[in-house]
Amino acid sequence: MLQAVEAVEAVPPVRRRTPGGWVSGALLSVALLASVVLAVGIGSVHVPVGDVVAVVLRRFGAGIDNVTVIDDRIVWQLRMPRIVGAAATGAGLAIAGAVLQSLTRNDLADPYLLGISGGATVGAVSVLVLGAGVAGMAGGPALSIGAFVGALGALALVLTLSTGRTGDLPPARTVLAGVAIGQICGAYTSFVVMMSGDHDAARRVLAWTMGSLAGVRWSSAVVLLVVALLALLVIVACAADLDAFAFGDSSASSLGVSIRRVRWLLMVGTALLTACLVAYTGAIGFVGLVVPHVIRLVCGPLHRRLLPLSALAGAILMIWADTAARSLVEGQEIPIGVVTAVIGAPVFAYLLRRESRTR
Amino acid sequence: MTGLKTGQMTSQGGVTVRDLSWGVRDRRILHDVSLDCPAGTVTGLLGPNGSGKTSLLHVMAGLRRPAGGSVRLGEEDVHDMSARTRARRIAVLEQHSSTNLPLTAGQVIELGRIPHRGRWPAGRQEGAEEIAEAMRLAEVTHLVDRDWQTLSGGERQRVQLARALAQQPGVLMLDEPTNHLDLAHQIDLLATVRELGLTVIAALHDLDLAAAFCDHLVVLRDGRVVAAGAPPEVLTSDLVDDVYGVEATVGTHEHSGRLHVVWHDERAR
């Protein structure tokens, strides 16, 4: 026995290089603030950082009067709501992805796991194509409402299919139910778009499925921000419960977690969060899948760190993705889903490669 | 069939199981199981594969709700406790534990503090002493910074034992804890657990180890208790033949004085 212990101690302990949670949090917070200020200045009209700060300070009641009406309009009315909306959406998608990956113990889980994107697309398509004939129906609010209702409908179907007799939501069955409902929604969407014979509608549907923050004004940005912050608060309160799932259901249960209640609360909660985000921005991919993995690789898998850091990183990634989407091509919007994939995939590939070399 | 000692006094902290039944869908797996695990003693659950040892442990630990009967810890029904209260009093060491997360051994052990912690972080040092003590008892202090994925089977089992002890339970339930361990580690683990003075209930396969480290043995077959009592009363050649279908001689070792089981089978060399 003694020999065995000595043999083990001869191996130098492998220290995991994880930066401290507070340090990473502080760095990311500063980066988020800097991203907001810098991204607001970027666009067809460049606004210097000093002017951006002046506009924002004046809006918050500081006695500054050297702000031009044009600057105020560009910074505060046009760009700021979009950036706030982007940050909230990125943060929300990242934490939803982190939670669903942990609860289902599935690395491929993303915020759209429970059929949310498929359902939202059905709702959006119904408004875009079928409602186009009705005067005023194709506008922003109707689209959001349609998408939200569609997402809730799909969620209800998935829950009906997968909830067991005892009220449990077994991850495997839930994932499969999500896939099934997603397929049905996809079939409906293709059918309606092909049958409508309206090329413009088809284009708009395609654009919607790849996501865009172009329609976000202050009213929607505030809703997105409140929803994301509320979700973050609830989910961070469950951080220890999520940690307890590391070794599976039985282990979580023996650590005092009411697994049925926690899984239901968090799965339905993240689905509602995602439905709200999708309603305003469309189904933006990649952020919810990749950001939690990146943070796990850098800062470890414990949720009291993972969740806030994922939220910050998701917000930053989304701000820059949206900035690229609106400013890279003059006079045209690139779908933001394309940008998130182009930025996110190489970062993810690099980290995976680094991980596979060290382990 | 050795009769079960009923009407035994259960001191505070002992586990009492009465007429417990449990099943999955229509299949009944445990039938009217009754047993007593007095406080501070080690009870071994024996029985062939599929006899219901793991199911019984899970129901006794409160992880599954019984179809009938009760499990009491002291005076309280385990299934009426909140999950959190239960986790502070009963810790479980699973037969096999795996994760795909990049956790360190120290982080795994810290999971044992979850039932004692509040929703919001209350400072880093919560439970630091308890964790240090648990690591010392399980002899894993030197592993604290190691990556869980790089640990051997025996190290993992000891780290999980430390996690269970960090819960500061009164009752420790072990499901075939010696499964992946070599002989030295098997003896070491059971000796450690025995010295803790907790109420221990362990499903075991090795009859010699069970006889050496348990105060009581309970033998299950097809979800029913077929024998219970002190090791010499329970472990007889008739019982081994009856329950496992293996011919055996049960004797006392001449040097150690311990009970040991020697089996016979014409297919063996």
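Helix axes are lines fitted to C-alpha atoms over the stretch in contact, and the angles between them run from 0 to 180 degrees between N-to-C directions. The legends below apply this to a predicted model.

**Figure 1. Packing of helix 4 of chain B against helix 5 of chain B.** Helix 4 of chain B spans residues 128-137 and helix 5 of chain B spans residues 153-166; their axes lie 8 Å apart, at an angle of about 140°. This angle makes the two helices of chain B oblique to one another, and their crossing is right-handed. From helix 4 of chain B, the residues in contact are Ile131(B), Ala134(B), Met135(B) and Leu137(B), which meet Ala162(B), Leu165(B) and Ala166(B) of helix 5 of chain B. By class, this contact has seven nonpolar residues, no polar residues and no charged residues.

**Figure 2. Crossing of helix 9 of chain A and helix 12 of chain A.** The axes of helix 9 (residues 218-237) and helix 12 (residues 259-281) of chain A come within 10 Å and cross at roughly 165°. Because angles over 145 degrees count as roughly antiparallel, helix 9 of chain A is roughly antiparallel to helix 12 of chain A. The crossing of these two helices is left-handed. On the side of helix 9 of chain A, the contact comprises Ser220(A), Val223(A), Leu224(A), Val227(A), Ala228(A), Ala231(A) and Ile235(A). Their partners in helix 12 of chain A are Leu266(A), Thr270(A), Leu273(A), Cys276(A), Leu277(A), Tyr280(A) and Thr281(A). Eleven nonpolar and three polar residues make up this contact, with no charged residues.

**Figure 3. Crossing of helix 4 of chain A and helix 13 of chain A.** Helix 4 (residues 69-104) and helix 13 (residues 287-299) of chain A have axes that come within 7 Å and cross at roughly 70°. Gly90(A), Leu93(A), Ala94(A), Gly97(A), Ala98(A), Gln101(A) and Ser102(A) are the contributions of helix 4 of chain A. They meet Val287(A), Gly288(A), Leu289(A), Val291(A), Pro292(A), His293(A) and Arg296(A) in helix 13 of chain A. The contact divides into seven nonpolar, six polar and one charged residue.

**Figure 4. Salt bridge between Asp72(A) and Arg59(A).** The side chains of these two residues meet at 2.8 Å, N to O. Asp72(A) belongs to helix 4 of chain A and Arg59(A) to helix 3 (residues 49-59) of chain A; the pair, 13 residues apart, links distant parts of the chain. Over all chains, the structure holds 14 salt bridges.

**Figure 5. Interface of chain A and chain B.** Chain A gives 36 residues to the contact and chain B gives 44 residues. About 3,300 Å² is buried between the two chains, and carbon and sulfur atoms give 60% of this area. One salt bridge is found across the interface. Arg304(A) forms a salt bridge with Glu110(B), with the closest N and O atoms 3.7 Å apart.

Key. Residues are numbered from 1 along each chain as its sequence is written. Chains are lettered from A and ligands numbered from 1 in the order in which they are written. This is a predicted model: local features need pLDDT of at least 70, side-chain atom pairs count only at pLDDT 80 or more; totals for chains, interfaces and linings use all residues. Side-chain values use heavy atoms; hydrogens and water are left out. Helices (H or I, at least four residues) and strands (E, at least two) are DSSP runs, numbered from the N terminus. Angles under 35 degrees count as roughly parallel, over 145 as roughly antiparallel, 65 to 115 as roughly perpendicular and the rest as oblique. A crossing is left-handed if the near helix is turned anticlockwise from the far one by less than a right angle, and right-handed if clockwise. Contact means heavy atoms within 4.5 Å. Ala, Val, Leu, Ile, Met, Phe, Trp, Tyr, Cys and Pro count as nonpolar, Asp, Glu, Lys and Arg as charged, and the others, Gly among them, as polar. Buried area is the accessible area (1.4 Å probe) that two parts lose on being put together, summed over both. A salt bridge is a side-chain nitrogen of Lys or Arg within 4 Å of a carboxyl oxygen of Asp or Glu.
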